[in-house]
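Me: I am new to this structure. Please walk me through how to read it.

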Amino acid sequence: MTALAAILTRDMRLSVRQGGGALIGVLFFLIVVTLMPFAIGPDLALLARIGPAILWLGALLASLLALDRLIASDYDDGALDLILTARAPLELALAAKALAHWLTTGLPLVIAAPLLGLLLNLDPTATGAVALTLAAGTPALTFIGLIGAALTVALRRGGLLIAVLVLPLTVPVLIFGVAASNAAIVGPVPFGVPFTILCGLTLMSAVIGPFAAAAALRHGME
Amino acid sequence: MRPIPRPTRLLATELACVRGGRRVFSGLSFAVGTGEALLVSGPNGAGKSSLLRLVAGLVRIAAGRIELEGGDGDANLGEQAHYLGHQDALKPSLTVAENLEFWTRYLDGGAATAPALDAVGLGAIAHLPAAYLSAGQRRRLSIARLISVERPLWLLDEPTSALDASAQAMLAGLMRSHLASGGMILAATHGPIGLEGVRELRLGGAG
Amino acid sequence: MTLGPYAAFILGAYGIAALIVTAMVAWVMIDHRRQARALADLEARGVTRRSEQRTGDPRTGEVTP
Amino acid sequence: MPLIDLANPTRFLAFTSRFLPWLAAATVLVLAVGISLVASAPDDYQQGATVKIMFIHVPAAWLAMGCWTLMSIAALGTLVWRHPLADVAARAAAPLGAAFTAMCLITGMLWGRPMWGTYWVWDGRLTSVLVLFLMYLGVLALWRTVDDPSRAARATAVLTLVGAVNLPIIKFSVDWWSTLHQPASVLRLGGPTIHPSLLTPLLIMALGFLLLFITLHLAAMRNEIMRRRVRTMLMLQAEAAGR
């Protein structure tokens with residue numbers, strides 16, 4: 001167990017330190033959401049209606065694009081070779097890395113969402129709903145993105161390629177995330193239904209992600 | 001920590017390795033007993049690194065078998081070996097101590113890093129970020145991992161690169177004590193590494 | 001001085017402004033103390049900067065031991 | 001003591017250590033006077049007492065833009081005149097600029113709420129300050145990711161100058177964008193001519209904010225110089241430990 005704790009704390013320490021990517025995801029999220037009204041126009045009623053969708057799309061892109069260095073940095077400096085020869089199973093090591101990434105990138109998105117809700121003129125219930133669904137949904141985005149990161153580890157085209165590869169896999173999470181938020185605001189459907197499905201998706205991806213990523217790494221070796 | 005069973009022999013029979021569609025070597029057989037060191041030599045591209053990575057389990061075996069007789073039954077070969085590659089596996093933003101502590105805890109759950117740092121002469125700058133280290137110092141920090149984590153088989157890929165004379169002597173000393181305590185070494189090198197009574201395995205000589 | 005119906009917003013604005021100012025002041029002072037301690041610790045270990053290693057520092061003129 | 005002599009870091013440290021207490025005292029004094037004037041200032045006929053928020057919102061906006069100008073001059077210092085303290089000045093100013101921009105945005109939202117009924121209306125001026133805030137965060141992010149100071153200095157200097165060139169363009173396009181969609185004209189910041197009884201507290205507060213910025217900036221520059229000294233001494237320590 002100490003091995004997984006060690007890699008979790010190391011990754012979090014790395015992302016917070018100089019040169020780490022901890023806040024890059026949140027900045028990207030902030031900028032993407034701020035850009036939307038420039039395109040859509042400052043009509044507050046319209047912004048309020050599509051607010052949850054804007055926040056979810058921003059969080060989705062921010063989560064995926066911040067993942068390209070997750071495994072590639074260990075591959076580049078030779079740490080991946082040692083991780084492969086350690087007693088700790090690769091699947092759990094990758095899950096620990098994904099968790100560390102979510103804590104430093106995914107969680108700040110959830111915290112920043114209510115602030116951005118102000119820009120989009122969301123009322124408190126809408127902001128609360130979006131924050132709750134993001135809290136449940138962003139781990140799924142990170143674990144699915146983990147598979148993309150493992151597939152592209154040896155390639156030089158990391159970042160965008162990951163998004164292209166795994167975006168289709170994130171469609172269910174996006175659908176139920178936005179549906180749950182809208183259910184809380186407009187809601188013919190009770191909030192619980194799409195939300196529990198979203199949580200189910202997250203749990204499923206928390207299992208499939210690490211195993212698929214480990215398989216991708218093992219088969220990626222020559 | 002349960003006592004680590006002492007493997008008696010590393011045995012390779014008819015090993016073959018294919019990388020990127022190219023047959024790097026084939027029909028390779030050798031054995032390394034306890035307290036023995038085997039130097040793998042040969043021109044660049046002869047497959048020295050590939051052989052070490054293959055033994056460590058980082059490269060797929062095309063044909064043949066490799067096993068560690070008498071080793072820890074349920075641990076595969078890679079988990080009983082130290083692989084020291086060209087890269088140092090160090091994070092620049094972590095300090096010298098943090099880097100070694102991480103690998104010590106990750107590879108075997110222990111945490112005694114101070115003696116290892118002193119053995120490689122980095123004890124005085126344990127608090128410095130690894131970014132400030134020279135290539136030689138980074139190499140020595142990477143070597144410190146071999147001391148702080150107890151593993152019977154050492155797979156060293158050109159261990160003396162970037163090391164000056166005093167560091168090479170230090171490494172030779174470490175290797176001698178490892179062999180004396182019943183360890184095994186498989187090293188890929190261009191020249192001698194300061195060890196006496198060492199067998200050599202020539203790769204790709206005729207090729 | 002009556003702050004009228006929106007007193008909360010006025011006081012809130014000044015409160016947040018004061019908060020940001022104290023945060024900045026605190027950041028500057030804490031950072032100063034941290035760097036000063038690090039410098040003192042390094043000097044205690046006998047690490048001297050290259051420009052001070054010469055017998056006399058030409059720019060400031062004082063002779064460093 | 002000729003000002004150019006300040007280019008030498010050691011001399012600059014001595015200068016700041018001696019001058020900072022006086023500057024800090026002057027700042028506190030001017031701010032105290034300013035706040036007392038604000039307290040006694042009359043209400044605005046339209047907005048009532050909420051106009052008092054203007055006394056911190058406007059100076060913060062001026063400082064937000066002034067700080068980016070300062071950083072642009074420092075960027076020229078780094079790229080063109082190779083001034084040793086230019087990058088130190090820019091790096092010390094950026095967090096302060098970001099903090100004052102955030103203060104401007106938050107006070108703007110709190111001022112807007114009683115007027116418009118919502119915290120944020122995409123008013124032209126406020127939106128360009130928001131874009132400026134994003135640019136500050138961009139520069140700070142670039143400093144955090146590049147670890148070698150000299151390389152970071154040149155990269156951030158280029159980004160700051162490019163930003164400075166684009167700021168007027170952004171301001172124009174955002175104003176155009178907001179007036180294009182905006183129904184009636186929104187809150188006039190202080191109206192065409194500010195009533196003299198409101199003008200003097202505003203100028204005093206602006207002076208107080210300026211002094212506050214200068215004090216914090218000098219102190220932050222001092223920290224930055226010390227931080228770089230620590231870094232070089234740590235590298236010397238690494239060298240001393242033998243190749």
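Reply: Helices are DSSP runs of H or I with at least four residues, strands are runs of E with at least two, and both are numbered from the N terminus. This is a predicted model, in which local features need pLDDT of at least 70, side-chain atom pairs count only at pLDDT 80 or more, and totals for chains, interfaces and linings use all residues. Residues are numbered from 1 along each chain as its sequence is written, chains are lettered from A and ligands numbered from 1 in the order in which they are written, and side-chain values use heavy atoms, with hydrogens and water left out.

Me: Is helix H1 of chain B buried or exposed?

Reply: Buried means under 20% relative accessible area, exposed over 50%, and partly exposed in between, using a 1.4 Å probe and protein chains only. H1(B) covers residues 48-56, and eight of its nine residues are buried, so the helix is largely enclosed by the rest of the structure. Among the buried ones are Lys48(B), Leu51(B), Arg53(B) and Val55(B). Across chain B, 57% of the 207 residues count as buried.

Me: Which elements make up chain B, and in what order?

Reply: Chain B has five helices and eight strands. From the N terminus the order is β-β-β-α-β-β-α-α-α-β-α-β-β.

Me: What radius of gyration does chain B have?

Reply: The radius is taken over C-alpha atoms, and the globule rule is 2.2 Å times the number of residues to the power 0.38. For 207 residues a compact globule would come near 17 Å; chain B has 17 Å, so the two agree. Its C-alpha atoms fill a box of roughly 50 × 40 × 35 Å along the principal axes. Contact means heavy atoms within 4.5 Å. Of the chain B contacts between residues at least 6 apart in sequence, 71% join residues at least 24 apart.

Me: Which chains share the most contacts?

Reply: Five pairs of chains are in contact, and chains C and D share the most contacts. There, 40 residues of chain D touch 33 residues of chain C. Chains A and C have no contact; their closest C-alpha atoms lie 15 Å apart.

Me: How is the size of an interface given?

Reply: Often as the accessible area lost when the parts come together. Here that loss is found with a 1.4 Å probe and summed over both parts. Chains D and C bury about 3,400 Å² between them, with 76% on carbon and sulfur atoms.

Me: How many residues of chain D are in contact with chain B?

Reply: Eight residues of chain D meet nine of chain B. The buried area is about 840 Å², with 57% from carbon and sulfur atoms. The salt bridge count for this pair is zero.

Terms used. Buried area is the accessible area (1.4 Å probe) that two parts lose on being put together, summed over both. A salt bridge is a side-chain nitrogen of Lys or Arg within 4 Å of a carboxyl oxygen of Asp or Glu.
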